[in-house]
Amino acid sequence: MIELAVGIFNGIGIGSVLLIAALGLAIVFGLMGVINLAHGELMMLGAYTTFVVQNFFRDLDAGDGIFGLYIFVALPAAFLISAMVGLILERGVIRFLYGRPLETLLATWGVSLILRQLVRSVNWLLAIAILLFCALFFGGMWVLRRRPNWEGIKGWAIAVLLPLSLGIAGLAGWAMTGVNTLAQPWFGPRNVDVSTPPWLRGGLEVGAYRLPYSRMFIIVLTLLCLLAVYWFFNRSDWGLRIRSVTQNRSMSACLGIPTETVDALTFALGSGLAGIAGCAITLLGSVGPNVGQNYIVDTFMVVVVGGVGNMFGAILAALAIGVSTYLLGSGALVGVFDDINALQFVAEFLRFFTSTSMARVMVFALIIAFLQVKPSGIFPQKGRTAEL
């Protein structure tokens, strides 16, 4: 039974990561109606931000133990980087697609592919070319937008500025291709390792087993995120504005609430939470361009099973999916039924699912069966909210 309890604890650690990511997805999907398939890549950006911060602290460390503090800088940095990318995504793509779920789905899927390839191949040459293009194109648009006849020349301005900015940025990149130090990729396609801070290594001894400190840290981090999100939506002015726009956008606009700003803030907040989840997963394994894809499907399942827009439902669903996946994949459940002679056939059946991929198949089958009974999740929306 101790082995089962340790398995449940480790499963809660995985469920906690899913819960942080699901909070961000629930805010975007549940409150704005946007299916963001790039949410996993926002987690990936949070994980790579943690990797960069770790390397920076490693260079600073002169034997005084400052390296162990990098996680406290990486968490807000991951939140800010992912939130900024989410804000750019909302302003550049999503805001043109509100009310069109299929187009949003395809657009965010395309963005997810671009972000993954960007991480694989980004180097100083590419970064300089992108920054130069943004400065020329968006700077030119900002200057021209101040002209009184802007609406009349808008089409011509884009037609001239876009190829001109692309051409200059491309030429600048081509001119610097001979500099080898600029052409070296920052990360590459291979996974990179993030070292756990020294004070999070090891674990609490429980008999012959050990409860890792890193998973305890993730659980505490999840609780803090839950409290922060609850406070934001129920105690802050912007949280009240977001809830107001969610329930009735037209009436909120009539009352003077800037709905476009609320949309941008909501998307940035959800993306920032994905960044924190990305920072947390660096404590569980290595980081690669596809790391977000390992969690995105489970995260969607948490939102769907818990009930769209219901925080308590998301908590229950995240813990259930995390614990079930770990217990099935690690074989902890097999050990329980192996000790009971009358239930050997159950142990043999569960042994077939003792791998990460097969455990996920089993959990998805259970989720599908559950949704046949309760298609709106554990806590479906009720009243006027369900009709919106």
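**Exercises on exposure and contacts**

At 53% relative accessibility, Arg146 counts as exposed. The model is predicted: local features need pLDDT of at least 70, side-chain atom pairs count only at pLDDT 80 or more, and totals for chains, interfaces and linings use all residues. Residues are numbered from 1 along each chain as its sequence is written, and side-chain values use heavy atoms, leaving out hydrogens and water.

**Exercise 1.** State where Arg146 sits and classify Arg146 by accessibility.

Solution. Step 1: Arg146 is in the loop between α5 (124-144) and α6 (150-175); helices are DSSP runs of H or I with at least four residues, numbered from the N terminus. Step 2: buried means under 20% relative accessible area, exposed over 50%, and partly exposed in between (1.4 Å probe, protein chains only). Step 3: Arg146 has 53%, so Arg146 is exposed.

**Exercise 2.** Is Thr222 buried or exposed, and which residues does Thr222 contact beyond its neighbours within four places in sequence?

Solution. Step 1: locate Thr222 in helix α8 (residues 213-235). Step 2: its relative accessible area is 4%, so Thr222 is buried. Step 3: apply the contact rule, heavy atoms within 4.5 Å. Step 4: with neighbours within four places set aside, Thr222 touches Ser16, Leu19 and Ile20.

**Exercise 3.** Classify Tyr213 and Leu60 by accessibility.

Solution. Step 1: Tyr213 belongs to helix α8, and Leu60 to helix α2 (residues 39-60). Step 2: Tyr213 has a relative accessible area of 32%, so Tyr213 is partly exposed. Step 3: Leu60 is at 46%, so Leu60 also counts as partly exposed.

Notes: Helices (H or I, at least four residues) and strands (E, at least two) are DSSP runs, numbered from the N terminus.
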